[in-house]
Amino acid sequence: MTTPSSKPRILVSRAIFPEVLAQLESVFDVEHNQADALWSAQELITRLQGKDGVLTTGSECISAELLQACPQLRICANMAVGFNNFDVPAMTASGVQGTNAPDVLTETTADFGFALLMATARRMAESEHFLRAGLWKRWSYDMFCGSDIHGATLGILGMGRIGQGIARRGFHGFGMKVIYHNRRRLDAEMEAACGARYVDKATLLTQSDHLVLVVPYSAESHHVIGAKELAQMKSTATLVNIARGGIVDDAALACALRSGQIAAAGLDVFEGEPRVHPDLLTVPNVVLTPHIASATLATRRAMAQLAADNLLRFFVHGDVLTPVNTPVASRN
Ligand code: 8YV
């Protein structure tokens with residue numbers, strides 16, 4: 001006869017680094033998904049039955065319905081800095097701790113934001129496709145002319161850790177004029193460190209040569225860039241979204257790109273991803289990447305480790321490293 005394990009029971013909802021999984025297995029009773037199967041919302045609920053904790057990625061939704069159906073669940077540790085996949089008020093009310101994975105991805109994600117900005121403004125994807133298609137027959141004076149990065153005005157919407165990382169790169173590395181808009185203005189010392197000047201949203205839209213979006217997704221930031229905002233931007237402007245799908249109205253953006261209302265866009269995130277709006281797939285002046293801004297091995301390992309450390313702290317010491325809420329009740 002087998003006796004039930006007294007170890008906390010953990011679900012790891014997607015494939016993760018084997019060494020991080022091994023650490024969890026040394027402490028917890030773990031069900032994993034190293035085959036990386038895509039589970040439906042119902043299957044996730046089924047697998048969470050009897051589980052005390054879960055390690056999620058940004059792809060799994062922790063909804064009020066799921067919380068109700070999984071009364072034993074006490075902690076959800078997200079391997080992502082964004083946690084719009086969590087219904088935080090429902091978690092808080094039902095005594096479930098949520099954690100995210102901030103800081104460890106800041107510089108890597110800022111690197112990528114800058115890379116995407118440069119690839120977009122200098123038309124790297126479009127010109128590579130042209131070359132691969134065998135269309136390069138001769139040099140010409142205006143072939144794939146883009147717009148300068150150095151000395152241009154860099155606009156940043158959302159000035160958290162990643163936004164500041166992009167601002168520093170632009171200011172110190174490329175001599176850009178940096179303007180930003182955020183819910184809260186940074187203090188003077190932080191503004192000086194990244195050479196950034198606070199402006200209202202309309203000024204950000206009308207003055208930016210290159211506008212990078214780094215706001216968290218919420219009901220408030222849904223379609224914060226839509227047809228009206230795109231119409232306010234310079235016709236020579238570049239727009240980069242490394243934040244979340246849904247912040248930009250992708251259909252409106254495809255129209256603006258096709259009509260030349262703005263010059264180009266670089267997108268790492270999409271509304272309803274991994275689906276991509278079909279019009280974005282056919283406009284030439286857009287660089288598309290599959291949500292890889294944090295994707296270096298070192299950073300993804302650090303993100304997985306932080307999510308695992310939150311689970312370990314929670315069950316071993318009763319606290320967590322990077323909480324996103326303070327549950328009002330305990331599920332003990
Ligand atoms: C993740 C991200 O790769 O951290 C985030 O918020 O968007 C990405 O770095 C993705 O969410 C997977 O968890």
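Student: How many residues of domain 1 are in contact with domain 2, and what makes a contact?

Tutor: Five residues of domain 1 are in contact with four residues of domain 2. Contact means heavy atoms within 4.5 Å. This is a predicted model: local features need pLDDT of at least 70, side-chain atom pairs count only at pLDDT 80 or more, and totals for chains, interfaces and linings use all residues. Residues are numbered from 1 along each chain, and side-chain values use heavy atoms, without hydrogens and water.

Student: Where do the two domains run?

Tutor: Domain 1 is 9-102 + 297-317 and domain 2 is 106-288. The bounds come from an automatic or database domain assignment. Their C-alpha centres lie 32 Å apart.

Student: What area do domain 1 and domain 2 bury between them?

Tutor: About 430 Å², 48% of it on carbon and sulfur atoms. Buried area is the accessible area (1.4 Å probe) that two parts lose on being put together, summed over both. In domain 1, Asn84, Pro102 and Thr299 lose the most, together 74% of what that side buries.

Student: How many salt bridges cross the interface?

Tutor: Zero, by the rule. A salt bridge needs a side-chain nitrogen of Lys or Arg within 4 Å of a carboxyl oxygen of Asp or Glu.

Student: Why is the pair Phe130 and Phe144 called edge-to-face?

Tutor: Rings of Phe, Tyr and Trp (its six-membered ring) pair if their centres lie within 6.5 Å; planes under 30 degrees apart are stacked, over 60 edge-to-face, the rest tilted. Here the centres are 5.0 Å apart and the planes at 70°, so the pair is edge-to-face.
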